[in-house]
Amino acid sequence: MADRRAVYQLRRLMTWLEAFKECFGHRAQVLALRRYVQGLLSDSARKSMEAMLARVTDPGSSQAFHHFITDAPWDAECVWRRLRALIPEREGWLIFDGTSFPKQGPHSVGVARQYCGALGKIANCQVAVTAALWTEVRAYLLGAALYLPEEWLTDSARARARVPAPIRFQEKWRQALTLLRQVRASGFMLTGVLADAEFGDNSVFRAMLHRLRLPYAVGISSHLTIFRDTPRLMWQTTMRRGRPRKHPELAPGMAPLSVEAIAVAVPQKHWRRIRWRNRREGRQWTVECFAIRVTPAHDWRHRRLAPEIWLLCERDLGTTPRTKYYFVNLAATAALKQVVRLAHHRWAIEQQYQELKTELGLDHFEGRTFPGWHHHVVLTAITYNFLQAERQRAHVALTFPEVRGIVQEIFTAYLFAQRPQYLKRIEALRSVQLRI
């Protein structure tokens with residue numbers, strides 16, 4: 001029965017990969033796709049190309065394996081479109097994240113001294129903007145864009161890293177909006193959008209979410225300014241050459257305040273303790289929260305008032321409590337628990353998302369070119385989303401590490417069956433260790 005299940009799972013993987021044939025030029029590339037995914041699913045701790053090649057049943061030549069990732073002219077965006085069409089679950093929260101890849105040298109495309117979330121400090125790293133669909137049970141990776149600092153867009157840097165000519169500098173929030181358009185065009189029903197302050201601080205990003213009528217919960221920095229409730233504007237007329245001009249002035253007592261100033265001024269009796277639970281781990285957190293309706297103050301001088309939203313202030317219960325701030329776009333009638341729950345959806349997938357790196361080697365790629373990086377990332381997404389689809393179709397609840405372990409055991413057994421010399425080497429090593 002176990003052998004039969006293994007055969008069925010291998011067939012499902014082959015069927016999953018078969019759907020991408022149209023994105024590749026010829027049969028050799030399709031075979032290389034299978035090898036690469038098998039390498040990502042193998043028990044190799046390091047997902048570099050050489051390490052993976054040693055763990056596939058039909059490795060082919062090392063040169064062809066490298067060529068498929070670094071030089072072959074297949075289009076990663078075609079693969080992303082097909083992958084988004086294959087996702088079995090079509091509704092959920094879209095979560096944007098700035099994912100970092102620490103690097104030692106300066107030669108990998110996009111590397112610069114910038115904030116590295118993986119290390120928690122400024123360091124030498126690559127940064128990518130990623131979009132994931134969160135169903136409240138599983139996450140699916142729907143897109144990724146490498147952030148290119150401006151120094152990587154000079155003629156010499158472009159030539160060295162093979163950055164395509166049409167690529168121009170884009171801030172991370174613009175890359176996120178591009179991914180949002182791609183996901184919506186793929187037919188997903190988005191419950192809302194979640195992001196941290198890297199995106200939430202940008203007023204244009206938030207304005208686009210309002211325009212699309214998407215609920216959201218985004219982290220913000222403590223220095224952002226807001227009005228309590230909706231401010232009253234008075235119109236002043238100035239006489240200059242030509243026609244008189246009107247400009248807005250705030251009514252008395254309506255000066256904007258920073259969100260930090262608001263939080264500091266709130267009496268302790270208005271803070272409420274809220275408990276929330278990570279459904280996957282069963283862990284429970286308790287925080288103190290305060291939420292009020294506010295109007296962000298960034299646009300009032302331009303004769304526009306931003307929509308009224310919730311400001312959520314949250315602090316932990318440690319000896320030196322830290323305060324976090326969020327803008328939450330929910331109805332004015334929403335309860336505090338609803339506001340807090342929405343803000344914490346983003347943290348609910350942190351561990352699953354991290355498994356893209358620890359289990360499948362999202363950040364293990366050692367190539368240096370722009371096409372190579374995007375090829376590796378989209379193939380990692382193919383593998384990750386296949387495992388999530390396997391979780392979705394299972395009759396029993398499986399965590400990501402559990403389904404990953406099942407598939408890894410199948411491929412390890414398949415490897416030993418196809419390459420029996422591996423078992424002989426292992427037995428020889430064991431006998432040497434026993435003699436020692």
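Helices (H or I, at least four residues) and strands (E, at least two) are DSSP runs, numbered from the N terminus. This is a predicted model, in which local features need pLDDT of at least 70 and side-chain atom pairs count only at pLDDT 80 or more, while totals for chains, interfaces and linings use all residues. Residues are numbered from 1 along each chain as its sequence is written, and side-chain values use heavy atoms, with hydrogens and water left out.

**View 1. The whole chain, to get your bearings.** Welcome! The chain holds 16 helices and 14 strands. Of its 436 residues, 50% count as buried (under 20% relative accessible area, with exposed meaning over 50% and partly exposed in between; 1.4 Å probe, protein chains only). Among contacts (heavy atoms within 4.5 Å) with a separation of 6 or more, 63% join residues 24 or more positions apart.

**View 2. Ala 176 and its surroundings.** Look for Ala 176 in helix H7. Ala 176 is buried, and its relative accessible area is 0%. Apart from neighbours within four places in sequence, Ala 176 is in contact with Phe 96, Val 129, Phe 199 and Phe 205. Ala 144 is 32 residues away along the chain, yet its C-alpha atom is separated from that of Ala 176 by 8.9 Å.

**View 3. Helices H7 and H9 side by side.** Here H7 (residues 172–185) meets H9 (residues 203–211): their axes come within 9 Å and cross at roughly 20 degrees (axes are lines fitted to C-alpha atoms, for helices over the stretch in contact, and angles run from 0 to 180 degrees between N-to-C directions). That makes H7 roughly parallel to H9, a label for angles under 35 degrees. On the H7 side, the contact is made by Trp 173, Ala 176, Leu 177 and Leu 180, and on the H9 side by Val 204, Phe 205, Met 208 and Leu 209.

**View 4. Leu 312 in the largest nonpolar core.** A nonpolar core is a set of buried Ala, Val, Leu, Ile, Met, Phe, Trp, Tyr and Cys residues joined through side-chain atoms within 4.5 Å. The largest has 83 residues, of which Tyr 36, Leu 312 and Ile 382 touch the most other members. Helix H14 (residues 370–393) gives the most to this core, namely eleven residues. A second, separate core has 40 residues, including Val 129 and Tyr 140. Beyond its neighbours within four places in sequence, Leu 312 has contacts that include Cys 289, Tyr 325, Leu 336 and Val 340.

**View 5. The buried face of helix H11.** In H11 (residues 336–343), Leu 336, Val 339, Val 340, Leu 342 and Ala 343 are buried. Seen down the helix axis, the buried residues of H11 fall within an arc of 160 degrees, so they line one face (the arc is that of the directions from the helix axis to the C-beta atoms).

Methods:
Parallel < 35°, antiparallel > 145°, perpendicular 65-115°, else oblique.
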